[in-house]
Amino acid sequence: MGSLKFRKFAGVMDNFEVLSVVAGRHLIIGTGETRLRQRGFIFFTMKSKFLIAITIVINNCSYSQTNLIPNYSFENYDTCDVFQGFSVLTDWTNPSVMGTPDYYNVCEGTIPCAAGCVYYQYPHTGNAFVGIECQIYLTSNYREYVQAQLANQLITNQCYYVEFHTNKANSDKYAVNNIGAYISDTAITSFWDTCLNFIPQILLPGNPVITDTVNWVKVYGVYQAIGGENYITIGNFQNYANTTIQVFDAASPYDEAYYYIDDVSMYEIQDANAGIDTTICTNDTAHIGATNYDGVGYEWQPTIGLSNAAIGNPTATPTHTTTYILTQTTPCSITTDTITVTVCLDVGLNQLGIINEELGIYPNPSSGEFSIATKYKVLSVKIKNIIGEEIKIINSTAFDLTDVSKGIYFAEIKTNKGIVNRKIIKE
Ligand SMILES: [Ca+2]
């Protein structure tokens, strides 16, 4: 065997000699370029005194405690070793012995791609992602999958939101549909690298062909658990006859549809959560609700002042104090929750058109003592809280709020020119 130059690993591979290539069924060799798929079947020796300096990047990326997918962004690995490929990845396994999913990480120089590569992509997040064959040739059932054990066993009749992101390799001839996730109680395995015959519960609505080679496409769905599920497997679970194979680039020499996968999530869907009651002032915005999962139904009533009444976490800009009701619908349940957004009293702040230079309160904010500076005659001052309740009445241009709690107040100042309102902040 001679030295080979691999497009995918160019720059690294030059230092190595390929001793043997065994069962290189999907090793595609062209003139002057080779793309490696079957990393597991290729063995190398060092041609020269070349020491691989490995820097293990300890990834402290903390994933949400509620994400049931371990190593959800494929960031954690044992050793940054391009030749060991997928096997260095922690928590994820390859369910078919003969199939060879790939691992990509900036640590090994395959992201965005090695020099002269056919693929070019950045991770959806972090420094790594995986890649799988979802179709090879028009009539092959060769498939690759990735599988992980869930952090917790799923609960009977509980609904879960599941999503992952996928992106088509840019140089392939084909694009396909059917890229989905199958959730199972036991690990599904196969010796052969053919289609795993299961029906994925998570597919994009309408199951479209995914053709985007630039942007990551979010595949998502809501899954109602039977109870006891422990595993998730991602790939194309249909044979070629039941896969829509679209010719994406007829001139491409790569007769396949290869997809990257990154950021896999599974969250238990909680009951409706409208958020905690809050107070805003006119024209301010409150963020209400909590999570927003595609595939879950959200309906807010009333809709007035909301940025979107059909998502789980809209913004609210009501002009008057409003109680909103959120109704959340999943295949498992319909639940409701309410939130009251109180709108504070700050109308008429400049009803006389008197600017701060003509009537101002200083210092503002203050820890207690405020003074009114104005050329007008001050007749009286009423201090009100944000919902308009009167706190104090003062007959002076100086007043003391050290005995009231911190927050926003309003000074209603009666002058010989009329009444002026000013917002003050007690620190
Ligand atoms: Ca990642």
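This section describes the confidence, nonpolar cores, strand pairing and one glycine of a predicted model.

The mean pLDDT of the chain is 81, and 70 or more is reached by 81% of its residues. Two stretches fall under 50. Over residues 1-64 the pLDDT is below 50, although the model has 99 contacts for this stretch beyond near neighbours in sequence. Over residues 347-351 the pLDDT also stays under 50, and here the model has five contacts beyond four places in sequence.

The largest nonpolar core holds 57 residues. The members that touch the most other members are Val 130, Tyr 160, Val 162, Ala 181, Ile 234, Tyr 259 and Ile 261. Strand β15, which spans residues 256-268, gives the most to this core, with seven residues. Val 130 has contacts with Phe 74, Phe 86, Pro 101, Asp 102, Tyr 103, Tyr 104, Val 146 and Ile 261, when residues up to four places away in sequence are not counted.

Strand β20 (residues 322-329) pairs with two strands. With strand β18 (residues 297-301) the pairing is antiparallel and runs over five bridges. In this pairing Gln 301 stands opposite Ile 325 of β20. With strand β21 (residues 334-343) β20 is joined by eight bridges, and these two strands also run antiparallel. Here Leu 326 stands opposite Asp 337 of β21. Four residues lie between β20 and β21, and the two strands form a hairpin. In a regular strand, side chains alternate between the two faces of the sheet.

Gly 221 is part of strand β12, which covers residues 217-224. Gly 221 is classed as partly exposed because 19 other C-beta atoms lie within 10 Å, whereas a buried residue needs 20 or more. Leaving out residues up to four places away in sequence, the contacts of Gly 221 are Val 162, Gln 201, Ile 202, Leu 203 and Gly 295. Gly 221 and Tyr 161 are 60 residues apart in sequence, and their C-alpha atoms are 6.0 Å apart in space.

Technical notes: Residues are numbered from 1 along each chain as its sequence is written. This is a predicted model: local features need pLDDT of at least 70, side-chain atom pairs count only at pLDDT 80 or more; totals for chains, interfaces and linings use all residues. A residue is buried if 20 or more other C-beta atoms lie within 10 Å of its own, exposed if 12 or fewer, and partly exposed in between; C-beta atoms are placed from the backbone. Two residues are in contact if their C-beta atoms, placed from the backbone, lie within 7 Å. A nonpolar core is a set of buried Ala, Val, Leu, Ile, Met, Phe, Trp, Tyr and Cys residues joined through C-beta atoms within 7 Å. pLDDT is the predictor's confidence in each residue, from 0 to 100. Two strands pair if DSSP finds at least two bridges between them.
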